[in-house]
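I opened my notebook to look up a few things in one structure.

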Amino acid sequence: MSKPLVIVESPTKVKTISKILGSEYIVKSSVGHIRDLPRNSKSIPSQFDSKKILWGAVKPTGFENIYVIPDDRKKIVSELKEIADKAPEVYLATDDDREGEAIAYHLKEALELQGNPKRIKFNEITEAAVTNAINNPGKLDIGKFKSYEARRTLDRMIGYEISPKVRDLGGAFISTGRVQGPAIRLIVEREEERVKFIKSKYFEIRARCASNNAEFDASLKKVQNLRIATSSDFDDRGNKTSEEKRYLEELEVNEIVNILSNSAAKISKIKESSRSGKPPKPFKTTSLQTSAKSNLGFQPRKTMGIAQRLYQEGLITYMRTDSIRLSDVAVKAARLYISENFSESHLPNKANLYGDSKNAQAAHEAIRPSGDKFIKPEELLSRHKEESDEYKLYKLIFNTTVASQMTAAKGITKTIEIEVIDTIFSPLTLSISGTTWTFGGYRDLIKDATEKSQELPDLNENDEIKIINASSEEKYTNPPNRYSSTSLINKLEELGIGRPSTYVSIIESITSVFINSDSSLKPRILAIALINNFMKPYFNNYIDYEFSKSMEDELDKILESENPDKSKVDFLEHSHNTIKNHISDYGIQDPLALTTINLPFESRYVIKTGRIQGKVPYPYLLRDDDFKVGLPPEITLEEIKNDYIKELEVNQEESLKKERTVSNCGDCSSSIYIKLGPNGSFYIQHGIKQKGVRQEKCEYKNLIGPIFEDEDPDKLSPEECKSRFSLSAKNPRKVTKNGEWTYSSAVGPYGGYAMKQRGRTVFNIDELTDITKEDIRELIENEKYKKISNYLGGEILKIPKSVTKQKMIELILDHYKLDEKYIKKLSKDHLVGLAKSLEIVFYRGRFRMKPEDATKDNLINKILVEKKNKPLENPRDALTVGSIEIMSLFGDAKPS
């Protein structure tokens, strides 16, 4: 007898939900989306005229989307359809958000499910939640799906209509989007604030004091009863902003330090006030990302990945939410834990209630431990080690959720003022303060790790104090901080732009080409040109914060509309007309003007955005006589000063004298040149590309070779130059071969390196040979290898029980073969997923990057070829390193 089918998004959920539902149900995964908009014109079904289709995906009438099943999804759809056709009931259990609703809708269409399939939703993967959902199924939410469709169509519309114009800035990789534009604008405007900022000098004075054999530090707070100015008493132009503060000059500071040193003082005032520490609010998506960054050092992408795993394991509720509301079940569970582990005083008489912001959709409750009785962090240790990311994040969520339902902390803050009398500045008032917590409340579970407090000495009013010494520190006001990924996400949320499910992808989509991302988000020169030269003059609406928020609101209204389809069409029609008008007004612009940025001071130079290589723009300075000076790609506008330009100018003029033609190639009619690179180093180049001129065939065609730092480019012979072409990344020097591995050496931007490479395999044959048949069967049942199998076509690997171990290994290797033709047909999304499943690490230069930021060609190459690099001690070693030496670098051979 056939069984009901439950379809979820993620393969990871299958195991957890199967355990809950038991053998009476079949639980399968769609492995994400199974239908999508056509990826290119070739993907548009033949019944449509691709020339008449809008934005490669939408019918010209009614804004009806065209959906196709990508080739790499067809086997999964076929397998699901075969089971669905036999199943008495089909439950669509995808996530309860727009994306999940879209997957559910596409499953209904692709599997040709009759009538209304049963749509089930749960905020947590627990027995109670899943069973309740099965027993109380709903219907597909067409409003939510149409809202999703409108977003996808609008994004396509903007991408197809505006992005080609953005490419006037200089590259095929440049594009903009509905939410990316405002995010880039925020980062650029913050940088401009920093450039305009004028620093102001102020002083801090501290004194080392003694009383009753106790020593302590105090700070000068007042001079002649006026508070001394601090950083908050200046504006961003360096102007003084308060008439009630004392702005100390350096001479005055020195005098005050002299007066305080070795002088006597007395306690003039002791003030005590009660202090209350409020418990933290439960987590929503943005606050979880912020807290995980400050407490655990996790970036938003990492936080959301870990949270996703915890959700799929049934440990926490859904992790994409803008609500801080806790359900009654959660409040009861938190209060139960408090009553069992803390005193009565730690449990409030009534539950602590938290309200959502006016922009919140509040479709889900706050992020919390799942269930009606929370799993304690220590109970997780059977599954996750204490040092694991899963344990750390779960503990943070658990502690914050429980703490949100505890009583406030209570304390006393004591401020002691010390007065010094002198004939010039009298009175001088020093101060010291600290808080003593008399009742911990929620702090007995969590404490603010950044909070610092000084132990106060036992003092009374009129006590004599001796000042041992005094010192001053010259300080300057600081420009506003650049955005971090978490602070930008918080700002977007505050402005009502984007939604919890999109924040991480927004950050990822703007980094590389527009934003240099390390500890803070720095706009590249190209980003400044995009905002100031392109978007503001011609497409300002699409980076206007209010417009972007209103667009989000309009998209949300489709969800609630009585006629979602009509609302979607009306919205898209209005949006299309608006964009067409903006495109018409844009006309034809001069790329030279679009790619030029004036310096914020008088100069013969302007900044040019430069060419884009590997999704990284390389800006340069252009003088009014066409003299060029290269700039580092990561440089910010704030860092380009007159002195810096003069230094670059002198170095460039000297270096350009060394550019020359070395000789004729000899193997073709092209010449060999010594050229100056954009980063100031020299290199050897074969031939010069000329537009419209076809280069002759030659083994050295378009190759470049290194020139070492300690070499004089003037002294290199033609033979030496030619030999260097074998050290380029495209044409490395082959050293030796050992089994499947080929060993080579080359020189890159960061020095010499050795590499070994071979065709990548999913399984290591030696490892399979060393384990038992039972272990092999268990291994291929692992979620990781199921995912890989899905990406490679989705066919189920069936291994007969009677098969020999050798035959079993052959079947596995054949099933998991990384076939070049098949891999090249995969979409970028699936290449990213496959690369992640294979745990491939990607680098941009010396720094790791996300697979999502890699080009499609790079993804394909890394999936097909396993490559390992090792740095060489000296770049010159790339010329001479031998087989034994290079193998020993990788631990494959012992040095002789």
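The entries below go from the whole chain to single residues.

**Ground rules**

I am working with a predicted model, in which local features need pLDDT of at least 70 and side-chain atom pairs count only at pLDDT 80 or more, while totals for chains, interfaces and linings use all residues. I number residues from 1 along each chain as its sequence is written, and the side-chain values use heavy atoms, with hydrogens and water left out.

**Entry 1: the whole chain**

I looked up the secondary structure and found 29 helices and 28 strands in the protein chain. Helices (H or I, at least four residues) and strands (E, at least two) are DSSP runs, numbered from the N terminus. Along the principal axes, the C-alpha atoms fill a box of roughly 95 × 80 × 70 Å.

I then checked burial. Of the 896 residues in the protein chain, 49% are buried. Buried means under 20% relative accessible area, exposed means over 50%, and partly exposed is in between (1.4 Å probe, protein chains only). The chain exposes about 45500 Å², and carbon and sulfur atoms supply 46% of that area. The areas come from the Shrake-Rupley method with a 1.4 Å probe; for residues, only the protein chains shown count as cover.

Next came contacts, meaning heavy atoms within 4.5 Å. Among contacts between residues at least 6 apart in sequence, 68% join residues at least 24 apart.

**Entry 2: charges**

How far apart are the mean positions of the positive and negative charges? I noted 4 Å, for 140 positive and 133 negative charges. Lys and Arg count as positive and Asp and Glu as negative, with His and the chain ends not counted. Each charge is placed at NZ of Lys, CZ of Arg, CG of Asp or CD of Glu.

A search of the whole structure gave 63 salt bridges. A salt bridge is a side-chain nitrogen of Lys or Arg within 4 Å of a carboxyl oxygen of Asp or Glu.

I looked at D389 and K302, whose side chains meet in a salt bridge at 3.4 Å, N to O. This pair links distant parts of the chain: D389 is in helix α12 (residues 389–403) and K302 in helix α10 (residues 300–312), 87 residues apart. D389 is partly exposed at 23% relative accessible area, and K302 is partly exposed at 38%.

The next pair was R482 and E638, with 2.8 Å from N to O in their salt bridge. R482 lies in the loop between β12 (464–476) and α13 (485–495), and E638 in the loop between β18 (628–630) and α19 (642–656), so the pair ties together parts 156 residues apart in sequence. Are R482 and E638 buried or exposed? I found both buried.

An α-helix has 3.6 residues a turn, so residues three or four places apart point the same way. K557 is partly exposed, with a relative accessible area of 48%, and E554 is partly exposed at 35%.

I also noted a network: salt bridges that share partners join R604, R623, D624, D625, E649 and E653.

**Entry 3: N352**

I found N352 in the loop between α11 (328–341) and α12. A polar atom of the N352 side chain lies 2.9 Å from the backbone oxygen of S404. The backbone oxygen of M406 lies 3.0 Å from a polar atom of that side chain. Leaving out residues up to four places away in sequence, N352 touches P279, S404, Q405 and M406.

**Entry 4: helix α14**

How many of the eight residues of helix α14 (residues 503–510) are buried? I noted six, so I call the helix mostly covered. The buried residues are Y503, V504, I506, I507, E508 and I510. They pack against α7 (180–196), α9 (285–296), α10, α13, β13 (515–517) and β14 (521–523). After α14 comes S512, which has a positive phi, near 85 degrees.

Conventions
Polar contact = N/O pair within 3.5 Å; in protein donor to acceptor, adjacent residues only side chain to side chain.
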